[in-house]
Amino acid sequence: MSVTVYFVRHGERLDHIDPDFMNTSPTPYDPPLTDFGIMQAKRTGSYIKHAQSERTAGNNLPTEYVVYTSPFLRTIQSALSIAEEIDNGTIVRLEPAISEWHGNTYFNQAVPDSLINTGIERIQQMTATSSSSYSVDWSYVPVLSTLAKFPESLQQVIDRCKKALNGITQPYITAYQNSTSPKNVVLIIVTHGWCVNVLLEACSRSALWINVSYCAISRATWIPGEREEVVPGTRKVRIVIEEDEDLSKNTGRWEVDLVSSDEHLKGLL
């Protein structure tokens, strides 16, 4: 069994290519992807599926893919494009806790919470015309049900993203530790560049703070904290799960082996 998390920034956004978008759109804070951005996301989905097939070859366990998306249009489009390429019964979930940093750095004023309901409607519209076998988990209870209060401070966005990481991954880590429903779990968090940095910092416990290009991929794998000890009064050896106070309920650590890679996009026209 394994638990792997991919952190993916959304694809190319329209307003960075067409400056007029900001002046003509009723929602300038929520640009869509360009056609090239859709291509980037699809290539990303194909790469993740292929990479996981290679990583888990030979363990004879089923693989479950779950895609979590921020409610912004550019992340929703990226997430659904990734899910389409993976197919394989992929599950999609909307998670406001991984939204863009809701501060003055990116927004002149507060983004309305209605963005979340708009995101739900957009997912419904997009999935209604898709022939892929992915499904949307409408019963999912998100870590946060609203956007962060504006203006969100640096420490607040760091705390929010760390909370999101724990909330998303904890059920799967618990299942791993209890050895229930053995399977390979692949969690794909489709978010924004700043949030990718925070999530990587939470996993590596060190500040990386790197430039995250469109549809760049980072990856972390859960390594359980285990050690062997002799059962008192016997010669038997048992496996003990080590407690990690820094991770609260989590016991173990994340091992980051891929950081903001866009090699899979090379040659994309």
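**Cysteines, sheet and helices**

Analyst: To begin with a cysteine, the sulfur of Cys161 is 3.7 Å from the closest cysteine sulfur, which belongs to Cys195, and that is too far for a bond. The model is a predicted one.

User: How many disulfides does the structure hold?

Analyst: A disulfide is a covalent bond between the sulfur atoms of two cysteines. The pair has to lie within 2.5 Å to count. The number of disulfides in the structure is 0.

User: Is Cys161 buried or exposed?

Analyst: Buried means under 20% relative accessible area, and exposed means over 50%. Cys161 has a relative accessibility of 1%, so Cys161 counts as buried.
Cys203, with a relative accessible area of 4%, is buried. For Cys161, the answer is buried.

User: In what order do the strands of the open sheet lie?

Analyst: Strands of a sheet pair through backbone hydrogen bonds, either parallel or antiparallel. Here 7 strands form an open sheet with mixed pairing. The order is β4-β3-β2-β5-β1-β6-β9.

User: Which strands stand at the edges?

Analyst: Each edge strand has a single partner strand, so one side of each is left without a neighbour in the sheet. These strands span residues 135-136 and 252-261. They are β4 and β9.

User: Which helix packs on the sheet with a direction about 160° from that of β1?

Analyst: The helix in question touches β1, β2, β5, β6 and β9. It covers residues 35-55 and is helix α2.

User: And which helix makes about 150° with the direction of β5?

Analyst: This helix also packs on the sheet, touching β1, β2, β3 and β5. It runs over residues 73-86 and is helix α3.

User: How many residues of β1 are buried?

Analyst: In a regular strand the side chains alternate between the two faces of the sheet. Both faces of β1 are covered, with Ser2, Thr4, Tyr6 and Val8 buried on one side and Val3, Val5, Phe7 and Arg9 buried on the other. The count for β1 is 8 of its 8 residues.

User: What is the bridge partner of Val5 in β6?

Analyst: β1 is joined to β5 by 8 bridges in the parallel sense, and Phe7 has Ile189 as its bridge partner in β5. With β6, β1 pairs in the antiparallel sense over 5 bridges. In β6, Val5 is bridged to Ala220.

User: What is the bridge partner of Ala220 in β9?

Analyst: Strands β6 and β9 run antiparallel and are joined by 7 bridges. In β9, the partner of Ala220 is Val256.

User: Is Trp254 buried or exposed?

Analyst: Trp254 is in strand β9. Leaving out residues up to four places away in sequence, Trp254 touches several residues, among them Val3, Val5, Cys203 and Ala220. The relative accessibility of Trp254 is 8%, so Trp254 counts as buried.

User: Which residues of α4 are exposed on the face turned away from its buried side?

Analyst: Helix α4 has 15 residues, with Leu115, Ile116, Gly119, Arg122 and Ile123 buried. They cover an arc of only 115° around the axis, which puts them on the same side of α4. What covers these buried residues includes α3, β3 and β4. The face turned away carries the exposed residues Asn117, Gln125 and Ala128.

Technical notes:
Residues are numbered from 1 along each chain as its sequence is written. This is a predicted model: local features need pLDDT of at least 70, side-chain atom pairs count only at pLDDT 80 or more; totals for chains, interfaces and linings use all residues. Side-chain values use heavy atoms; hydrogens and water are left out. Two strands pair if DSSP finds at least two bridges between them. Helices (H or I, at least four residues) and strands (E, at least two) are DSSP runs, numbered from the N terminus. Contact means heavy atoms within 4.5 Å. Axes are lines fitted to C-alpha atoms, for helices over the stretch in contact, and angles run from 0 to 180 degrees between N-to-C directions. The expected span of a helix is 1.5 Å times one less than its number of residues. Buried means under 20% relative accessible area, exposed over 50%, partly exposed in between (1.4 Å probe, protein chains only). The arc is that of the directions from the helix axis to the C-beta atoms.
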